Amino acid sequence: MSSTTTGTEGRGAETPQADGRTPVLEGRKLSKSYGHVRAMVDADFELMPGEVLAVIGDNGAGKSTLVKALSGAVTPDKGELLLDGKPVTFRSPIEARALGIETVYQDLAVAPALDIASNLFLGRELRRSGPLGSLLRMVDARAMRDEAQHQLDALGVRIPDVRQPVESLSGGQRQSVAVARAAAFATKLVIMDEPTAALGVRESGMVLDLIRRISARGLPVMLISHNMPHVFDIADRIHIHRLGSRVAVVSPRTHTMSDAVAIMTGAARPEDVGGRSHYDERAQGRQRARSTDGSDGPPTPADRVNPEGGEGAGSVP
Amino acid sequence: MRSNGMNSGGRGRRWSTGVVAAVAAVGLLGACGSDDDAPAETDGGEATSEGDVTVGLITKTETNPFFVTMRTVATDYAQEQGVGLTALAGEFDGDNEGQVQAMENLISQGVDGIMITPNNSSGVLGAIEQARSQGIVVIALDTATDPEDAVDATFATDNFEAGRLQGAYVRAVLGDEEPRLIMLDGTAGGTVDTFRHDGFLEGFGLEEGDPAILGMENTQGDQNTAQTAMENLLQRSPDVNAVYTINEPAARGAYAAIEARGLTDQVTIGSIDGGCEGVQDVADGKYAATVMQFPAEMVRQGIDAIVEAAGGGEAPSGFVDTGSVVITDNPIEGIESEDTAWGLENCWG
Amino acid sequence: MSESTAAAAARPPGRSAADPPPGGAAPPASERRQALGRALRNPLVGPLAALLVAVVLFTLMTDTFATAGNASLILQQSIVIGTLALGQTLIILTAGIDLANGAIAVLGTIVMAKFVFEGGNPLTALLLGLTITVVLGAISGLLVTRLGLPPFIVTLGMLTVVYAIARLYSESRSYSVSEPLLRFWGQGTTLGGVRITWGTLLLLVVFTVFWFALARTSWGRHVYAVGNAPEAARLVGIKVNRTILSVYVAAGALYGLAAWQALGRIPNADPNAYQTANLDSITAVVIGGTSLFGGRGSVVGTLIGALIVGVLRSGLTQAGIDNLYQDLATGVLVIVAVSLDQASRRRAAR
């Protein structure tokens, strides 16, 4: 994954990035209102191949609406979603999933009474071949067990018996099952919505390790988290969300946690902190951001700053 | 299923059927408009003018065929006699609150007399006392109150006598055979149940606790429960030759169990009620005899008594037996009986 | 039943393990311990033990209990409640409850019997009865899923409505049935002196079918998931409402079957019959170890639960013990079963 990088100087609306790479998932000027409440206002978003992108934002900043829009739970009123550069619309999480976008939810979304293998394959059970499977919908329990074990092993999740009910696991193990499920089925990216929020220190560490392993497979991960140390520990880039849209994308290498928090809370403007960040003013597609590190070279910490502009303008500065 | 005085249905049923009965009642009221022989005339007000006699009828439920018969007969007979009738009912068997409310309504309506198939609770007895203190004649139908003199008079089947008749008949059929008896009771401790049970034993010639009584089981007067109980009892006592049943549904259940084991030739089943279905069963040879009671008689005699009292005549008093008759197509010397043809003409339900 | 899409095709894309973990295979000793642990954790252990204790006890207490004939009898006595309890199990697994099942079955018997009584064709009568129970099940299901009403309230209302309809339609009288088709399940054969009714065989077949459907098909897994964690089920793409509706429809079909079975056992359709069947079926389900909170339990447990009730009734009667003690014992078992369920759920929630 280290071969992948960002370096997204501005780019054309339909054209790849300046470095020739297309974001795996890109949102352009996404908006969503609930009555008079504008939860998302011309929000931009992009996730590059192979990266771990953290999304941070204060409570009420609209992170969860963004996540829902990207995972298909909410259809934006306006704006455009591109998957591998191609426009897509999701009317439900199922549609997003069918296109290879898996989401891990804060509240796990596992059925505690069912065993691990059943949970891994919940909603997409493996069926027996022949009429037993197609007509009677008979599941292939053995294949699911084997495959579940294989998936967990591959991610280094140590669970002795996939026939255990999920409720017999610790919180971290349960989350690991949820993450493993996402990793097993995702072909494009994994969205993780506060995966460590309910976990203790050691268990959070387990989940962060999992994210690293998933990332190591080349699968990009979008991580929504409140936990700054986790974010700075694991993210390649940090998308900062404020008042319904993206205000900046910073790099943990160039910005400190307090920088990020300052931008997030509005205490500082993006251009005023961290020296090399860029902000994205929500001005109607006018590109305000400047790139200070326009290099296309191999990724360095400095490279991980993503100057943002209104994609609509789409011009290289 | 029916059996007067029995908490027919029993355990667990109350909270579910209470609601049911309530809505069923609403449904029935709604249906009354188009139904020619509506069981209840719920508003007697029209007929009430100065000097007219008004009567209230309170049954335990308005769904049991026995009570439906009472209400139908009461409606017809009241019309015939020019008497105003208000028919009310509890929502389920054992609905004391419902009966008390019905009493209160009739009292405030100022009826001349009330006929009630009483639940034996202090609440109902209190309401009866209140009515009588205001000069309303109160007559118990079908079920006696405890104490009996809580009402002016009781028009009912002498259930002890009805039981005695059943017992005497079944014993007579056995003849010289050594009796081996199974008893399918209704509800433990019910007044009517006890009278019929004790009467049967007297007529049958056995003491309570006699080893010839091979088994006893409560059936709630329900066919399914009775069948199950009989099957289980037969498992233990396949040599039974006489069966007492609290009512006809229980007798049907007993018959099904006995028939399934191929023991019909060996066993004589007796019953009590006189519902048309039961009489038909006797005609079909499913059980040997049933003892008929006469709900229509109870109602007619009750209305007559109230009319008489309201007209300045003597108020009714004491226990009036409305009679019970053995119905069988196999009459036995020494026991008065009628055949099923007569039974089908005089049955209720 | 939903989810016709995404069958075996959903196999996750193979990925080479970037980081193969150590210790994939556990040593045999711990595997055995796991197997034992799984067996003890199996919620069927309790009900099965209770059934065995009761059987042993009555075998010692009476000479007549432990006979093949008596076993056949207990099965016959458990057929109607057992079939109703099977439908009840499906619904309780989705965290619902059905108070109307007995009333629906009774209406089914009345429709079948009265139609024939009025000169109708028995087969038409049967299909009519079955259709009505399915439709009533579907109505409950639609009220639960479309209007989002609590199943308790929906089925309480259905109980009331259906009971009233049964009374009105039957004109508060009962109808006896002589048609061989309607009485079919009460007929049977004699094997080695023991009477086996077709109804008993049907009961076992129906339980097997639903055991398979719940334990071995994707539909079954969805039923459990919907009852255990509806939100999680929705998020993984299970059509929650459709699954719940399918359960109510299947239950309605089972109630129709129970109605047919009931006419086999007692060839008399009586609007007053089976008044406590709703609670009796819940009793069987709960004693069988199925959680009233949904998502846990099995139809095998329910069959055991129904048999426990039947064994207690039969055994106590044959031992000459007042059948009020049967109610007492059943009640105690219900409380024990619910307590065990609570305890296990609390353990799980820790």
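Okay, let's start in chain B, with strand β5, residues 153-156, which pairs with β11(B) in the parallel sense over four bridges. If you want one spot to look at there, find Phe155(B), which stands opposite Val320(B) in β11(B). Before I go on, please keep in mind that this is a predicted model.

So where does that pair sit? The sheet is an open one of six strands in chain B, in the order β2-β1-β3-β4-β5-β11, and the pairing is parallel. At the edges you have β2, residues 84-89, and β11, residues 318-321, each pairing on one side only. Ignoring direction, neighbouring strands in this sheet are turned by 20° against each other on average.

Pro147(B) lies in the loop between β4, residues 137-141, and β5 of chain B.

At the β7 end, strand β6, residues 181-185 of chain B, runs parallel to β7(B), and five bridges join the two. Ile182(B) is the residue standing opposite Gly215(B) in β7(B).

Which way do its side chains go? Val221(A) and Leu223(A) point one way, Met222(A) and Ile224(A) point the other way, and all of them are buried. On the pairing, β8(A) is joined by four bridges to strand β3, residues 52-57 of chain A, and the two run parallel. There, Val52(A) stands opposite Val221(A). Strand β7 of chain A, residues 189-193, also pairs with β8(A), in the parallel sense and over four bridges. In that pairing, Ile191(A) has Met222(A) as its bridge partner.

Next, helix α5 of chain A, residues 141-154. That's 14 residues, reaching 20 Å from the first C-alpha to the last, which is close to the 20 Å expected at 1.5 Å a residue. What do they pack against? Just after the helix, Gly156(A) takes a positive phi of about 75°.

Two residues in chain A have a positive phi without being glycines. Take Arg137(A), with a phi of about 55°. Arg137(A) is in the loop between α4, residues 131-134, and α5 of chain A. Is Arg137(A) buried or exposed? Arg137(A) counts as buried, because it has 23 C-beta neighbours inside 10 Å, and the cut-off is 20 or more. Then there's Lys29(A), which has a positive phi of about 50° and isn't a glycine either. Lys29(A) lies in strand β1, residues 25-34 of chain A. Lys29(A) is buried too, with 20 other C-beta atoms within 10 Å.

Last up, chain C. This chain has 13 helices and four strands, and buried residues make up 55% of its 350 residues. For contacts in chain C between residues at least 6 apart in sequence, 77% join residues at least 24 apart.

The unreviewed UniProt entry annotates several stretches of chain C as "transmembrane region", including 152-170 and 190-214. In the model, residues 152-170 of chain C are 100% helix and 0% strand, with the end C-alpha atoms 26 Å apart. Residues 190-214 of chain C come out at 68% helix and 24% strand, with 32 Å between the end C-alpha atoms.

And how does chain C meet chain B? 35 residues of chain C are in contact with 33 residues of chain B. On the chain C side, at least two residues each come from α3, α6, α11, α12 and α13. The largest share is from α6(C), with eight residues. By type, the chain C side divides into 13 nonpolar, 17 polar and five charged residues.

Conventions: Residues numbered from 1 in each chain as written. Chains lettered and ligands numbered in written order. Predicted model: local features only at pLDDT ≥ 70, side-chain atom pairs only at ≥ 80, totals over all residues. Pairing = 2+ DSSP bridges. Axes fitted to C-alpha atoms, helices over the stretch in contact; angles between N-to-C directions. UniProt positions renumbered as here; feature names shortened; annotations may be inferred. Buried ≥ 20, exposed ≤ 12 C-beta atoms within 10 Å, placed from the backbone. Contact = placed C-beta atoms within 7 Å. Nonpolar A, V, L, I, M, F, W, Y, C, P; charged D, E, K, R; others polar. Expected span 1.5 Å × (residues − 1).
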